[in-house]
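Open the structure, try each task, and then compare your steps with the worked solution.

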Amino acid sequence: MARHPDAPVGTLQIAPSILSADFSDLAAAIHSVDAATDRLHIDVMDGHFVPNLTLGPSVVAAIRRCSAKFFDCHLMLTDPGEYLGAFADAGADGCTVHVEVGGTASLIDQARALGLSVGLACNPDTPFEAMAPWLEHVDLVLCMTVFPGFAGQSFIESVLDKIARIRAEIDHQGLAVDLEVDGGIDHETAPRAVAAGANVLVAGSAIFSAPSPLDAARDLHAVAAAVASAR
Ligand code: DX5
Ligand code: ZN
């Protein structure tokens, strides 16, 4: 059965994206950051919603056997409803679908019925208004800070305004919703995203391309925590 993250809603969390890890030894990569992370971010791409292919439920099932962390599956799929059941069976804890694919109400219902924690993602050019109606229905909102498809891209600064608007709305309504950012998150950009209102930071290259992924994850948490405590 899917679980919720150990960290309370709204607290600062680092979510390493295994997209930038060594796929030939995922177990070692995952264990290397265990002590500094609250959740693992798993990027699933279908070659249609985004121009890249990554992994599917069988890989999630395989890494489920070597990690008890919260599995935060980011489904960059045109038809996520076709696969939610398979990801739940494989051991996903949360599944995030994109608002751009439509059918949001039924996807949320489907994910809930499967016992999943539910996330809703938006691309950098998708406006606040497309997300606003759904905030009270999800556990997590994911603001992409790059156009999804590849690790190692540059943070898109203009998304900060939308992050701030979503944070204001979450707080105004008193919602138990995490606000995640994904794409180009590093030492420079993490504090800016947190200052705008994000509390879950996905990082791929900044963690797994570092000499010590564990130190990199800890450092990212430290620079972001300094801003979070001042917010
Ligand atoms: C991009 C993915 C991200 C990506 C982040 O489409 O959703 O999770 O792996 O990688 P970095 O941190 O390198 O931008
Ligand atoms: Zn992602």
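## Exercise 1: Around H41

Task: list the residues that H41 touches, leaving out residues up to four places away in sequence.

Solution. Step 1: look for contacts, that is, heavy atoms within 4.5 Å. H41 touches A15, P16, S17, I18, D72, H74, L142, E180, D182 and V202.

Before going on, a word on the ground rules. This is a predicted model, in which local features need pLDDT of at least 70, side-chain atom pairs count only at pLDDT 80 or more, and totals for chains, interfaces and linings use all residues. Residues are numbered from 1 along each chain as its sequence is written, chains are lettered from A and ligands numbered from 1 in the order in which they are written, and side-chain values use heavy atoms, with hydrogens and water left out.

Step 1: H41 is found in strand β2, where strands (E, at least two residues) and helices (H or I, at least four) are DSSP runs numbered from the N terminus.

Step 2: check its accessibility. H41 counts as buried because its relative accessible area is 0%; buried means under 20%, exposed over 50%, and partly exposed in between (1.4 Å probe, protein chains only).

Step 3: look for a side-chain partner. The side chains of H41 and D43 make a polar contact of 2.9 Å. Such a contact is a pair of N or O atoms within 3.5 Å; within protein, one must be able to donate a hydrogen and the other to accept it, and residues adjacent in sequence count only if both atoms are side-chain atoms.

## Exercise 2: The zinc site

Task: which residues coordinate the zinc ion (ligand 2)?

Solution. Step 1: collect the donors, meaning N, O and S atoms within 2.8 Å of the metal (3.2 Å for Na, K and Ca); water is not among the atoms, so sites may look incomplete. H41 (NE2), D43 (OD), H74 (ND1) and D182 (OD) coordinate the zinc ion at 2.0 to 2.3 Å.

Step 1: judge the geometry. The six donor atoms make angles of 68 to 169°, and the site is octahedral. For six donors, that label asks for opposite donors over 155 degrees apart and all others between 65 and 115.

Step 2: read the spacing along the chain, which is H-x1-D-x30-H-x107-D. Distant parts of the chain are linked by the pair H41, in strand β2 (residues 39–45), and D182, in strand β7 (residues 178–182), 141 residues apart. Both H41 and D182 are buried.

## Exercise 3: Q173

Task: is Q173 buried, partly exposed or exposed?

Solution. Step 1: locate Q173 in helix α6 (residues 159–173).

Step 1: read its relative accessible area of 34%, which means that Q173 is partly exposed.

Step 2: find its side-chain partner. The side chains of Q173 and E169 are joined by a polar contact of 2.8 Å.

Methods: Four donors count as tetrahedral if all angles lie between 85 and 135 degrees; four count as square planar and six as octahedral if opposite donors are over 155 degrees apart and all others between 65 and 115; anything else is irregular.
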